[in-house]
Amino acid sequence: MGLLSEGNPLSWEETKKLVDHVREHGINQFIHLYHRLKDRQGDILKWGDEVEYIIVKFDDEQKVARVSLKAKDLLAKLNEKELADPNGVKSLWRPEYGAYMIEGTPGKPFGGLMAHFNLVEANMRYRREEVTELLASDECVMSITNFPRLGAPNFTYPVHQPRPEDPISSARSLYFPDEAIFPGHPRFKTLTRNIRMRRGEKVSIKLKVFKDVNTKLPVEGAPPGEPDVVLLDAMGFGMGCCCLQLTFQACNITEARRLYDQLAPLCPIMLALTAASPVYRGYLTESDCRWNVISSSVDCRTEEERGLVPLNENKFRIAKSRYDSIDSYLSPEGAKYNDVKLTYDEDVYKRLIEGGIDHLLAQHVAHLFIRDTVSLFSEKVHQNDEEDTDHFENIQSTNWQTMRFKPPPPNSSIGWRVEFRPCEAQISDFENAAIVCFVVLLTRVILSYQLNFLTPISKVDENMQTAQKRDACRKEKFWFRKSSKSTEQRAACVQINGTSTNTNGSSTATDPIPLFNGTGKLNGHGNGLNGNANNNNSSSNANGSHIHNGGTDSDQTDTDDEETELFQLLTINEIFNGKPGVFPGLVPLIRSYLQSMEVDTDTHCTIEQYLRFIQKRAAGDLITTATWIREQVLNHPDYKKDSVVSDRINYDLLKSIQRIQEGKHVEPALLGQGNHSKTKDFIPPALQKQLAKTGCCEDK
């Protein structure tokens with residue numbers, strides 16, 4: 001959820017008076033932080049996942065399922081291990097927006113060994129078991145993106161009613177009671193109230209209902225003139241959803257900016273592949289994903305900023321919510337694909353430039369800072385800008401975009417990082433682990449083969465909307481960059497030349513970029529042909545721009561045929577599995593990379609299981625969670641072809657999900673005939689020395 005400062009929250013009226021103070025000091029803090037850490041080099045690859053969970057309580061007698069509002073008590077028990085032994089725990093637990101939600105991460109980040117890929121699923125399984133041990137027999141922890149009847153009558157346990165007319169209510173929602181907001185930290189209710197008050201009205205989330213033969217129009221609560229709209233009116237409908245996120249540590253700022261840019265066009269692609277949320281407030285909708293729901297749920301823009309009335313009190317017309325896809329690339333090679341005019345604060349931009357920040361990063365930060373703070377604590381108002389970063393993080397952490405560029409925290413061993421944020425939570429640990437490992441491997445392939453996925457921001461925006469359509473994974477096409485001959489040549493050469501690895505999992509000079517960042521390359525970029533460093537005449541500025549013999553960018557990305565670069569509409573199947581003459585496919589590129597890596601047998605088996613699963617889902621042989629949920633509803637004997645997901649349908653759906661995640665039922669449409677990875681809780685002893693040598697067990 002972002003920064004969780006401790007203290008006494010200010011009211012919106014108090015916060016409003018301090019927005020310029022936070023903005024000014026946040027920028028000063030970033031400038032100081034940047035100059036302290038811009039030359040930091042050689043951080044090794046560390047990465048980790050975040051899985052968000054919903055606690056569900058079943059009433060087996062009445063055949064009703066509700067969300068259980070016990071996250072605060074659960075977290076108190078789950079955190080006991082961390083408090084007793086911070087460095088020895090296998091999992092970390094944090095609050096999320098909902099009083100029925102918790103977030104789990106590995107106790108330590110995974111690192112640079114191939115064998116780490118075999119730990120992910122086992123760690124996820126451990127997390128699920130750890131929570132399950134604390135639940136009653138009629139409760140279940142579920143990694144589902146959205147509780148289907150969130151906002152429907154009596155959806156919580158204990159049952160609470162919304163209070164839309166109560167002046168002290170944070171949400172003032174017709175459907176979502178304040179008791180469903182996590183009560184253990186003031187940030188969540190403060191954000192809810194302040195976003196509503198800054199906007200000048202409740203948030204308005206509109207989803208088209210799935211029209212079946214007996215669908216009753218207007219839908220209950222539909223806005224005037226929009227009879228087919230399922231209306232959601234509270235932050236909880238979006239931030240009460242769950243997701244699957246990943247964070248990667250780069251070897252330096254240049255590599256972090258490159259990964260940020262290269263992964264951004266893949267965000268809508270992964271959103272479509274992981275689509276898992278077609279039901280809202282008990283109605284089947286035309287959307288398969290949570291993204292626009294969350295975007296609207298925290299949309300604090302005023303009518304002026306939304307362009308509904310002329311600007312008067314506000315400075316900017318702002319095209320998007322503060323939760324949306326990225327608006328600009330950060331690396332020099334990405335600059336020309338910033339084809340959508342970027343709104344940013346000119347004064348902030350000027351201050352950043354004067355402070356020694358380069359243009360691309362300055363406009364990115366200045367764009368983030370067009371937003372006001374919407375959560376401020378009295379104890380955090382006055383800070384030391386040379387040492388503290390809370391004001392910067394206050395704005396940074398409430399810009400929830402598909403990618404997040406994350407500077408190192410002050411006085412920390414943590415390096416420059418990027419966060420990958422689009423994926424929806426999947427039902428089983430196997431699926432979630434497969435998605436995580438796939439994306440991490442893709443980052444290694446991007447760096448090793450110097451792949452270029454850069455796509456105009458306007459087309460990425462278009463893809464984000466396409467990704468959320470019903471069954472987009474099988475039915476829609478997405479703008480994607482054709483691979484050039486240089487890409488295929490580099491991949492082929494790595495296959496031929498990159499075959500020499502040590503038995504301990506480390507790589508020799510003839511390898512592609514190994515999993516250990518900062519090895520055999522300059523500033524995080526390998527040559528991609530033989531693993532040698534880039535041209536010895538090259539140098540790199542701290543701002544991420546590369547200079548070669550005093551000339552232009554020397555990063556060997558797909559720059560051939562630049563004047564005639566083509567972006568084609570491809571299916572998800574073609575993007576993942578390849579289209580002859582257009583793109584080799586993400587999965588084949590990963591397989592090519594793996595051929596040159598030393599991988600132990602169990603890890604190889606596990607990764608292969610994951611890749612097969614990804615291939616089959618992309619090909620349509622396996623369906624997305626969203627499509628499966630739709631089919632479960634449409635084929636339920638109680639379904640009246642009226643778009644309504646009743647209590648009984650919801651109960652049976654969640655019971656089926658429980659059986660799947662516990663391994664008691666194999667669902668062929670989702671998982672084929674079952675997937676049995678070789679995941680383990682530990683690294684094989686033979687690799688323990690390498691683990692210690694590379695520092696992969698260092699604390700976060």
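This is a predicted model: local features need pLDDT of at least 70, side-chain atom pairs count only at pLDDT 80 or more; totals for chains, interfaces and linings use all residues.

Student: Which residues are buried in α2?
Tutor: First, the general idea. An α-helix has 3.6 residues a turn, so residues three or four places apart point the same way. Now the case here. The buried residues of α2 include Val19, Val22, Arg23, Gly26, Ile27, Phe30, Leu33, Tyr34 and Leu37. Asn28, Gln29 and Ile31 are buried too.

Student: What covers the buried residues of α2?
Tutor: Several helices take part, including α1 (12-16), α7 (253-263), α10 (346-354), α11 (359-368) and α12 (390-396). As for length, α2 (residues 19-37) has 19 residues and spans 27 Å, close to the expected 27 Å.

Student: Next, helix packing. At what angle do the axes of α13 and α19 cross?
Tutor: Angles of 65 to 115 degrees count as roughly perpendicular. The axes of α13 (residues 429-449) and α19 (residues 601-619) cross at roughly 95 degrees and come within 9 Å. The two helices are therefore roughly perpendicular to each other.

Student: Which residues in α13 and α19 meet?
Tutor: From α13 come Phe430, Glu431, Ala433, Ala434, Ile435, Cys437, Phe438 and Leu441. From α19 come Ile607, Gln609, Tyr610, Leu611, Phe613, Ile614 and Arg617. The contact divides into 12 nonpolar residues, one polar and two charged.

Student: Is α13 mostly covered or mostly open?
Tutor: Mostly covered: 21 of its 21 residues are buried. The helix reaches 30 Å from first C-alpha to last, close to the 30 Å expected. Just after α13, glutamine 450 has a positive phi of about 50 degrees.

Student: Now a strand. Which way do the residues of β15 point?
Tutor: In a regular strand the side chains alternate between the two faces of the sheet. In β15 (residues 417-420), Arg417 and Glu419 point one way, Val418 and Phe420 the other. All are buried.

Student: Which strands pair with β15?
Tutor: Strand β9 (residues 244-249) pairs with β15 in the antiparallel sense over four bridges. Leucine 246 stands opposite phenylalanine 420 there. Strand β14 (residues 403-406) is also antiparallel to β15, joined by four bridges. In that pairing, phenylalanine 405 faces valine 418.

Student: Last, a single residue. Is alanine 472 buried or exposed?
Tutor: Use the cut-off: buried means under 20% relative accessible area. Alanine 472 has 2%, so the residue is buried. Alanine 472 lies in helix α15 (residues 472-475).

Student: What does alanine 472 touch?
Tutor: Leaving out residues up to four places away in sequence, alanine 472 touches Asp288, Thr466, Ala467, Phe478 and Ile572. Take aspartate 288: 184 residues apart along the chain from alanine 472, with the C-alpha atoms separated by 8.1 Å.

Notes
Residues are numbered from 1 along each chain as its sequence is written. Side-chain values use heavy atoms; hydrogens and water are left out. The expected span of a helix is 1.5 Å times one less than its number of residues. Buried means under 20% relative accessible area, exposed over 50%, partly exposed in between (1.4 Å probe, protein chains only). Contact means heavy atoms within 4.5 Å. Axes are lines fitted to C-alpha atoms, for helices over the stretch in contact, and angles run from 0 to 180 degrees between N-to-C directions. Angles under 35 degrees count as roughly parallel, over 145 as roughly antiparallel, 65 to 115 as roughly perpendicular and the rest as oblique. Ala, Val, Leu, Ile, Met, Phe, Trp, Tyr, Cys and Pro count as nonpolar, Asp, Glu, Lys and Arg as charged, and the others, Gly among them, as polar. Two strands pair if DSSP finds at least two bridges between them.
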